Amino acid sequence: MLTLRPAHTRGHADHGWLDTWHTFSFADYHDPRHMGLSVLRVINEDRVAPGQGFGMHPHQDMEIISIVLDGELEHRDSMGNTARIRPGEVQRMSAGTGVVHSEYNPQPTKPVHFLQIWILPARQGVAPSYAQQAFPEHERRGVLRCVVSPDGRDGSLTIHQDAALFLTTLAEGEGVTHALAPGRRAYVQVLRGQARVDGEPLAAGDGARLEDQAQLRLEGVGEAEVLLFDLP
């Protein structure tokens, strides 16, 4: 069963320095119909103004993943990590027993556009950790490139949960198929361009949840960049 989530139906807030869209209930946006899917709790699409960002704040027992689409994101945390995340790179922070971090746009004139994703961990109280990795476009073109997984398959970043994230870049008419094991669910988020999910058209910002089916098919309508979650 496929359920569409058009971009304009998401929660939205414009704070001036931050323009944010919430796929699932978050902060002041609450919709009991959209509380997450399985262990996937948050997909926020954020645009942060130049020189602005999220000051130091705490997290605990959450797997936090950031994917930059345009611009740069500067990360600092209480573990001593300082890094800049750019398009084509994925950041993973396991908050575990507790971490304090900030995420800023270091550019003086260009906004940063990125996704922040929260996944509930399989167990609480793990040691906090941080990782960041580049996944070049040639590794994602025409294939589903695993970028996050519980076991680090294919050189992906690891999380403390039986969930996997895949990125793909598809040309017009190009497609990929993903098999879902019995009892697994999927969520699809279109990052750029237009795509079809099992024949249903989606544009940038649109999403779709898939349950009780054995596989799904993604196809490009023009050039498209798509994020796929395989969830328990």
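1. Basis of the note. The model is predicted, so local features are used where pLDDT is at least 70 and side-chain atom pairs count only at pLDDT 80 or more, while totals for chains, interfaces and linings use all residues. Residues are numbered from 1 along each chain as its sequence is written, and side-chain values use heavy atoms, with hydrogens and water left out.

2. The nonpolar cores. A nonpolar core is a set of buried Ala, Val, Leu, Ile, Met, Phe, Trp, Tyr and Cys residues joined through side-chain atoms within 4.5 Å; buried means under 20% relative accessible area, exposed over 50%, and partly exposed in between, with a 1.4 Å probe and protein chains only. The largest such core has 26 residues, and those with the most contacts inside it are Leu-40, Ile-65, Val-90, Ile-117, Leu-165, Leu-227 and Phe-229. Among the elements that give two or more residues to this core are strand E4 (40–48), strand E6 (63–70), strand E11 (112–119) and strand E17 (185–197); strands (E, at least two residues) are DSSP runs, numbered from the N terminus. A second, separate core of 19 residues includes Ala-164, Leu-170, Leu-202 and Leu-210. In soluble globular proteins, nonpolar side chains tend to be buried together.

3. Leu-40 as an example. Leaving aside residues up to four places away in sequence, Leu-40 touches Phe-24, Ile-117, Trp-118, Ile-119, Tyr-187, Phe-229 and Leu-231, where contact means heavy atoms within 4.5 Å.

4. Strand E11. Of the 8 residues in E11, 8 are buried. In a regular strand the side chains alternate between the two faces of the sheet. Both faces of E11 are covered, with Val-112, Phe-114, Gln-116 and Trp-118 buried on one side and His-113, Leu-115, Ile-117 and Ile-119 buried on the other. E11 pairs with E4 in the antiparallel sense over 8 bridges, and two strands count as paired if DSSP finds at least two bridges between them. E6 and E11 also run antiparallel, joined by 7 bridges. Within these pairings, Glu-45 stands opposite Leu-115, and Val-68 has Phe-114 as its bridge partner.

5. Arg-10. Is this residue, at a relative accessible area of 8%, buried or exposed? Arg-10 is buried, although its place is in the loop between strand E1 (2–5) and strand E2 (11–14). Its side chain makes a polar contact of 2.9 Å with the side chain of Glu-45; a polar contact is a pair of N or O atoms within 3.5 Å, of which, within protein, one must be able to donate a hydrogen and the other to accept it, and residues adjacent in sequence count only if both atoms are side-chain atoms.

6. Two positive phi angles. Most residues other than glycine have a negative phi. Asp-198, in the loop between E17 and strand E18 (200–203), has a positive phi of about 50° and is partly exposed at 34%.

Methods. Helix = DSSP H or I, 4+ residues; strand = E, 2+ residues; numbered from the N terminus.
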